[in-house]
Amino acid sequence: MFLLQSAGDLEPFIDRIKEPTLKETLRYGVGYLQEGLTGTDQDIVKTLFETGGIQVCVMSSSMSWGVALSAHLVVIMGTRHYDGRENAHRDYPVTDLLQMMGHANRPLVDNLGKCVIFCHAPRKEYYKKFLYEAFPVESHLHHYLHDNLNAEVVVKAIQNKQDAVDYLTWTFMYRRLTQNPNYYNLQGVNHRHLSDHLSELVENTISDLEAR
């Protein structure tokens, strides 16, 4: 039992729950949140957990973004999910894991929060590295270069292809090219490789814009 209140104190809340399974688990001090619950059911579970009526709240990964619950201990039961569109299991994005971990945070109650991650043994070292070492921040400019170049052309900051190449040399992406060339599909980091890469990027982007 994970109850901090008597069963009698919880019954008025449980009687208002629509989901039969949730009614049963709440009597044992365990609630859960998922998208299929009504708004009223979700609010009751959140209230009971926040006030200490129940001690365990199971939450779907997507709900971790929209629910502002905090706990002393967060347990992440696996780092992979099933992707129906691809018919395959995929790793959760790092941002999702960070969001889940962030719920282990009660600054006015605890001096620290705890998070336990259950994962496959081969991924253990990866997640240890992810937790204890800083991940580099990479540029996504090359994915959105069409919009950027188009905007600069409109305001006449870029008037020819050489201007576009020069423009890229002032960006964060240019700084990261030499630091992590594999991420940007760069074959080398000398001046010739950088120049060819930027020229090709500009040529392809302008060709795409002209074809639209």
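View 1. Lys46 and Asp43 form a salt bridge with their closest N and O atoms 3.6 Å apart; a salt bridge is a side-chain nitrogen of Lys or Arg within 4 Å of a carboxyl oxygen of Asp or Glu. The model is a predicted one, in which local features need pLDDT of at least 70 and side-chain atom pairs count only at pLDDT 80 or more, while totals for chains, interfaces and linings use all residues. Residues are numbered from 1 along each chain as its sequence is written, and side-chain values use heavy atoms, with hydrogens and water left out. Because Lys46 and Asp43 are 3 residues apart in helix α3 (residues 39-50), about one helical turn separates them. Helices (H or I, at least four residues) and strands (E, at least two) are DSSP runs, numbered from the N terminus. Lys46 is partly exposed at 22% relative accessible area, and Asp43 is partly exposed at 42%. Here buried means under 20% relative accessible area, exposed over 50%, and partly exposed in between (1.4 Å probe, protein chains only).

**View 2. Salt bridge between Arg123 and Asp91.** The side chains of Arg123 and Asp91 meet at 2.9 Å, N to O. Arg123 lies in the loop between β6 and α6 (124-132) and Asp91 in strand β5 (residues 88-91), so the pair ties together parts that are 32 residues apart in sequence. Arg123 is partly exposed, at 28%, and so is Asp91, at 29%.

**View 3. Salt bridge between Lys128 and Glu125 in helix α6.** The N to O distance in this salt bridge is 3.8 Å. Both residues lie in helix α6, 3 residues apart, about one turn of the helix. Lys128 is partly exposed at 37% relative accessibility, whereas Glu125 is exposed at 52%.

**View 4. Nonpolar surface patch.** Leu73, Val75, Met77, Val116 and Phe118 make a nonpolar surface patch of about 480 Å². Strands β3 (73-77) and β6 (114-118) each supply at least two of its residues, and the largest share, 3 residues, comes from β3. Patch residues have over 30% relative accessible area and no salt bridge; nonpolar side chains (Val, Leu, Ile, Met, Phe, Trp, Tyr) are joined within 5 Å, and like charges within 9 Å. Val116, in strand β6, is partly exposed at 37% relative accessibility.

**View 5. Ala164 in helix α8.** Ala164 is located in helix α8 (residues 161-168) and is buried, at 2% relative accessibility. Ala164 and Leu108 are 56 residues apart in sequence and 51 Å apart in space, C-alpha to C-alpha.

How values were computed:
Accessible areas come from the Shrake-Rupley method with a 1.4 Å probe; for residues, only the protein chains shown count as cover.
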